[in-house]
Amino acid sequence: MRTVFVRLLTIIPLVLLVVSGTFFLSLASNVDPAEIILGGNATQEQIDQLRHEKGLDQPALERYGEWLGGVVRGDLGTSIYTGASVTDLFMAALPVTLSLTVGGLLVGVLLGVGLGLLASVVAGSRLDRGVILLSTVGQAAPSFFIGMLIIYFLALKMAWFPATGYVRPSASFGGWLHSLILPSLALGVGVAAALARQARSSMIIALQQDYTRTALSKGHSRRRVVFKHAARNAASPVVTSVSFQVAHLLGGAIVIERLFALPGLGSLTIDAVLRYDPNVIQAVVLFAVVVVVLVNLLVDVSYTWLNPKVRAA
Amino acid sequence: MSETISGTAQSPAGRGRRPGSGRLVGRVLRQRALVAWGAIVGVIVLAVTFAALLSPYDPNTGTLADSFAPPSWEHWLGADRNGRDVLTRLLYGGQVALLAAVEAVGIAMAVGVPAGLVIGYVGGWLDRILMRLVDGVMSVPFLVLAIAVIAAVGRGLPNAMAVVGLVYAMSVLRLVRGEVLAAREELYVDGLRVSGAGARRILFRHILANIAPPIIVQATLMFATAIIAEATLSYLGLGVTQPTASWGSMLAEAQATIRQNFFLAVPPGMAIFITVLGINQIGEGMRDLFSREITVGRLGLNVVRRAEPERAVSEPVPSALPERPVALEVRNLSVSFPQHGHGRVEVVRGVDLRLHRGELLCLVGESGSGKSVTAMSMLGLVAHPGLVTASSIRLADQEISGLDFAAMRAIRGNRIGVVFQDPLGSLNPTFTVGNQVCEAIREHRDVSRRQARALAIDLFDRVGIPNPAQRFHDYPFQFSGGMAQRVMIAMALSCDPEVLVADEPTTALDVTVQKQILRLLSDLRDERGLAILLITHDLGVVAEVADTVATMYAGQLVEYGPVAEVFAQPRHPYTQGLLDSVPRNEASNGPLASIRGVVPAPVDWPIGCHFADRCDFVEEPCRHSPVPLTGLGESGRAARCVRAGELRLHGISRDRLDTHAGVPSAAGSGTTP
């Protein structure tokens, strides 16, 4: 517990580093939001006036201090473009992205680890080769192409699912699930492909270890040997690659939200980039870093559970 | 990587024995796949490069009359909404994709390799600070990072791919840095450290030679992901600008009209897919060439099948301990594995073994003689492609050959316990030893957790583990090798088996601990009437604890008998060779230097005596036909030697001093025919 706390403290500088980096990057930019908002016909006076109103003419460090102070209080600033609170925009979009990434993670982990485990037990067989082929294909196809195929076949041809759109769980829980299935599938396939590979090779290694033979020599069932003795040892590298996949999922969600017209952080980000709205972008970067760092922390904690050597050290 | 690719190493005998020939063929096949994918990617690259020559159309202008034209002779892949030729746009889009990937990978290499070299070489605080920075950059999902940078520096594909390249540079940097640190360590260890510029040159040459293969593989795989990155950014509208064609923007356009015309999504999607797949396959193929292939093994399970009666079963050898009840009797046990180009190859051939209650039988022989496979095969623990047959395996009065996996579970760990060579590797590192022993007990006995725990602690006490109740909760890595082997023995004994199979149980331990473990085994034999099959290549061990000894050579039992008699006067030249190779002063694990040559591989076993090529007494009849294991009519002795009746071998008691290291003396010097 103490180590977790210490780790939490050490990630603060990392988060600060990345977030400050993006902040100063936006300051160093030669793009002037005021010009963009006012369009090409604005006079210099109008631009200066708007810059003053939006506080864009303040010294950089002052703006940085103000922004950072706001972040600590939970205030992510306002959208330069609409004047809306970024915190509000962010909180409205967050549930969509969280549902999607969790859905994608579930698809990826269940499908990927399941297939990888299955393939490892029958390594070298036709089934195993089939899993390898699937995973090779899944890693080579971009998620939005897979998503378009899914939309075409499952939503347009078969009409089993809605092609696009998001239903709030408060409006209809079933509708929410229904609207998330296809996007989660599209997002999760790539993750599943990578995890299947990792799970398969970790399990193959574990199944060849001496302790597996020992477990068999004790008269245990295959199930016990595979799921208890081998799987526990094969888990660490799989958990590590799951944590890599979370970063991948956050990026992938941007694309999938666009494809399925989901009003999540991805759509928010793309809009922000297209019309240049730095506070929104910084909020998303901050969120992504915090999530990735927390997941890494969670993974490190899981190592201590999975590997007694780490616990003792 | 230097071995194997083209060379087929043949044995001096020219018998076509290729070490790991299956793997070699696999590599060549893989390489063929590499060549095939290389050709596919090559065609794509050429077609894309010469797009202007191949297509008569302009990628960005079309005639509205052709809007949504289906594939035809004029438009092989049809036309899009604006009537632009899809194939043309695909080819020009490929240019965008390849250039973008070249840019990203180029930046990654140009930044990552030198930075990694410098950071790894300088080390110290620079290393620590910069690696934190690298961690920071790598913790942001690259698409989010790319978007943040695009937002700052403005849209446009070159900017976006520069970001992608910088992110990739981080992982290249890591790879190179790690390699530099390893190389420094290695050179230091090798004593290659010279002073000044010479050292630096050696270091960098050494490092570059080491990192070239992984870097090339990494760059190839990066190239594939860069193509996906370009497509993703352009799909999101952050890459190329209208009307420039890119595979990603073509997909975005196709999505807009997916309800009218789904087909438009297929060409760009497949273009990305096939290109990325091809490049990935090339990368993986190269990785396989550079690194050793991982052998694929399944869950090691193979039941013993009843042997077909066609092979003549030899006469049973007379028992060495006829007064005792038989605990385990194996008749005509054979194990075969498929080997590429040779069909099934037998590695154990027609082994007969008899083990009595309270008997400790040592199975001896060099590595590769088939001792371990023999023992494991009886329990159905031979790895996947192996095939085990036996005319009969009787455990007390039960026939256990032909039992399926489920039925064998009641035997394994219950009536036959097993102790393996490497105790620390054989215990599961992720569970406490107590958990593993209790698990074995509860598998076969209907006892509560608490009772199992009490039983386990008693066993720990019996096998000499101090503080058993505390050590119960420890993990294997908290035990020394000797203590871990005691845990293994406790586990093997946990269900009070009739037979204990111990496969080189002391090889991994130091000499004093070896003696303790051997004493423990012989005590257990005496107090429980346990029948122990002890596999070893160490004749010192045999002399110390065995009642009977069986010598194995090249898959066959070649000699059997009471240990004192066999050691005093062996009846097979191979046994004599083993005895001669025992080092003079009782130390035990020396190499078997005094028998010339090595155990032949199973495919090279001759028709006649398997030992003929290494034997000093070989005569013409030895090579004619298979030599049977023949009883010698004296207190249960048997030998598989044509000349067993005439040879007078000197055993181990005499002339030990004549055996010097390096002098080939396989039973030669001190023999009186």
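**Two chains in a predicted model**

Chain B contains 20 helices and 14 strands, where helices (H or I, at least four residues) and strands (E, at least two) are DSSP runs, numbered from the N terminus. Before I continue, please note that this is a predicted model, in which local features need pLDDT of at least 70 and side-chain atom pairs count only at pLDDT 80 or more, while totals for chains, interfaces and linings use all residues. Residues are numbered from 1 along each chain as its sequence is written, chains are lettered from A and ligands numbered from 1 in the order in which they are written, and side-chain values use heavy atoms, with hydrogens and water left out.

To remain with chain B: of its 673 residues, 53% count as buried, buried being under 20% relative accessible area, exposed over 50% and partly exposed in between, with a 1.4 Å probe and protein chains only. Contact means heavy atoms within 4.5 Å. Among contacts in chain B between residues at least 6 apart in sequence, 70% join residues at least 24 apart.

T374(B) is located in helix α10 (residues 371-378) of chain B. Is T374(B) buried or exposed? Its relative accessibility is 1%, so T374(B) counts as buried. When neighbours within four places in sequence are set aside, the contacts of T374(B) are L333(B), V348(B), V351(B), L353(B) and M552(B).

I turn now to chain A. Chain A has 13 helices and zero strands. Its C-alpha atoms fill a box of roughly 85 × 55 × 35 Å, taken along the principal axes. Of the 313 residues of chain A, 51% count as buried. For contacts in chain A between residues at least 6 apart in sequence, 72% join residues at least 24 apart.

The UniProt record, an unreviewed entry, lists "domain: ABC transmembrane type-1" for residues 94-299 of chain A. UniProt positions are given in the numbering used here, feature names are shortened, and annotations may be inferred rather than shown by experiment. In the model, residues 94-299 of chain A are 83% helix and 0% strand, and the end C-alpha atoms lie 23 Å apart. Residues 175-196 of chain A are 100% helix and 0% strand, with end C-alpha atoms 30 Å apart. For residues 238-260 of chain A, the values are 96% helix and 0% strand, with 29 Å between the end C-alpha atoms.

Finally, how do the chains meet through helices? Helix α12 (residues 278-306) of chain A packs with helix α5 (residues 142-153) of chain B at an angle of about 155 degrees, their axes 10 Å apart. Axes are lines fitted to C-alpha atoms, for helices over the stretch in contact, and angles run from 0 to 180 degrees between N-to-C directions. α12(A) and α5(B) are therefore roughly antiparallel to each other; angles under 35 degrees count as roughly parallel, over 145 as roughly antiparallel, 65 to 115 as roughly perpendicular and the rest as oblique. On the α12(A) side, I281(A), V284(A), V285(A) and A288(A) meet V144(B), A148(B) and A151(B) of α5(B).
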